[in-house]
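I opened my notebook to look through this model for someone new to it. My entries follow the order in which I looked things up.

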Amino acid sequence: MAIQALYTAATGMDAYQTNLDVIANNLANAGTTGFKESRLNFADLCYQNVQLPGSQDSNGQPVPIGMQIGTGVRVNGTELDQTQGSFIQTNGPLDMAISGQGFFQIQDPQTGQTLYTRAGNFAVNSNGQVVLASPDIGRFLQPSITIPPGATNITISSDGVVSVVEPPATTSTNIGNIQLARFVNPQGLIAVGQTLYQLSDASGAPQIGAPGVEGRGLLQQGYLESSNTDPVNSLVDLIKTQRAFELNSQVVQASDQVLQLLANLRRF
């Protein structure tokens with residue numbers, strides 16, 4: 001059984017090493033706008049059934065308990081925590097935060113595919129089109145919105161109506177509407193980096209519409225949603241994971257010592 005303990009402890013070390021990687025990524029993105037932390041799920045492996053509960057003993061009576069020996073643990077998947085992060089006031093006219101469910105729709109410049117994000121830090125390119133504020137060009141907000149040259153007083157209502165004032169006019173003009181995408185299972189989205197997500201069969205098709213309708217959240221202009229990573233809880237998880245890794249490594253050492261003792265028995 002000492003050999004089996006080696007393999008069992010090795011599965012624990014491998015699983016907790018993966019958990020360290022996940023926690024490190026969460027902490028590294030504690031300041032990333034719109035970031036959603038991940039949580040690692042574990043599952044035990046198959047069992048060696050030496051004696052099943054309810055089997056008969058030597059007297060023909062059913063035993064109340066059996067003897068099952070586990071063979072370790074495995075990573076069962078990473079789960080996105082889609083809880084809302086806190087809002088940071090920026091007063092930027094094109095900064096937006098979603099209060100509630102929903103994602104902004106972004107066009108991928110390479111494939112033309114629509115991606116989704118909670119990061120609402122937008123800017124205007126040289127053509128006046130509203131784009132995601134990043135070094136990559138062509139990441140347009142969808143549906144496309146263009147700010148007219150010289151426009152002032154950009155206003156975005158909670159339901160997504162974008163209005164500007166074009167001098168010499170003094171009244172605001174509606175130039176477009178922002179729509180949000182909502183998913184039945186947002187945890188099924190595929191993270192592709194830069195706080196962007198891609199839909200999958202698990203997430204379901206996007207339900208697109210105006211903010212505040214059919215469960216979609218409302219927009220707050222001049223705010224950004226911060227990362228939902230809790231540094232304190234992440235540090236606690238980091239310590240727990242480190243200790244669990246050390247315990248499994250001690251099991252490996254103890255199993256190795258038992259094997260050495262067994263090998264030395266032949267000398268007597």
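I began with I178. I178 touches M96, F104, L141, I145, I156, D159, G160, V162, P211 and L219, leaving out residues up to four places away in sequence. Contact here means heavy atoms within 4.5 Å.

A note on what I was reading: this is a predicted model, where local features need pLDDT of at least 70, side-chain atom pairs count only at pLDDT 80 or more, and totals for chains, interfaces and linings use all residues. Residues are numbered from 1 along each chain as its sequence is written, and side-chain values use heavy atoms, with hydrogens and water left out.

Next I looked up the nonpolar cores. A nonpolar core is a set of buried Ala, Val, Leu, Ile, Met, Phe, Trp, Tyr and Cys residues joined through side-chain atoms within 4.5 Å. Buried means under 20% relative accessible area, exposed over 50%, partly exposed in between (1.4 Å probe, protein chains only). The largest core has 21 residues, and F104, F122, L141, I178 and L219 have the most contacts inside it. Two or more residues each come from β6 (96-99), β7 (103-107), β10 (130-132), β12 (152-156) and β13 (161-165). Strands are DSSP runs (E, at least two residues), numbered from the N terminus. Another core, of seven residues, lies apart from this one; F103, Y116, L189 and Y197 are among them.

Then I turned to R118. I found R118 in the loop between β8 (114-117) and β9 (122-124). Is R118 buried or exposed? R118 counts as buried, at 4% relative accessibility. Its side chain reaches the backbone oxygen of G102 at 2.8 Å. The R118 side chain also makes a polar contact with the side chain of E225, at 3.0 Å. A polar contact is a pair of N or O atoms within 3.5 Å; within protein, one must be able to donate a hydrogen and the other to accept it, and residues adjacent in sequence count only if both atoms are side-chain atoms.

Last, I checked the backbone. Most residues other than glycine have a negative phi, and most peptide bonds are trans. Q142 and P143 are joined by a cis peptide bond, with omega about -10°. P143 sits in the loop between β11 (141-142) and β12. The bond from P167 to P168 is also cis, with omega near 5°. Q194 has a positive phi, near 55°, and is partly exposed at 48%. E214 has a positive phi of about 55° too, and counts as exposed at 59% relative accessibility.

Key. Helices (H or I, at least four residues) and strands (E, at least two) are DSSP runs, numbered from the N terminus.
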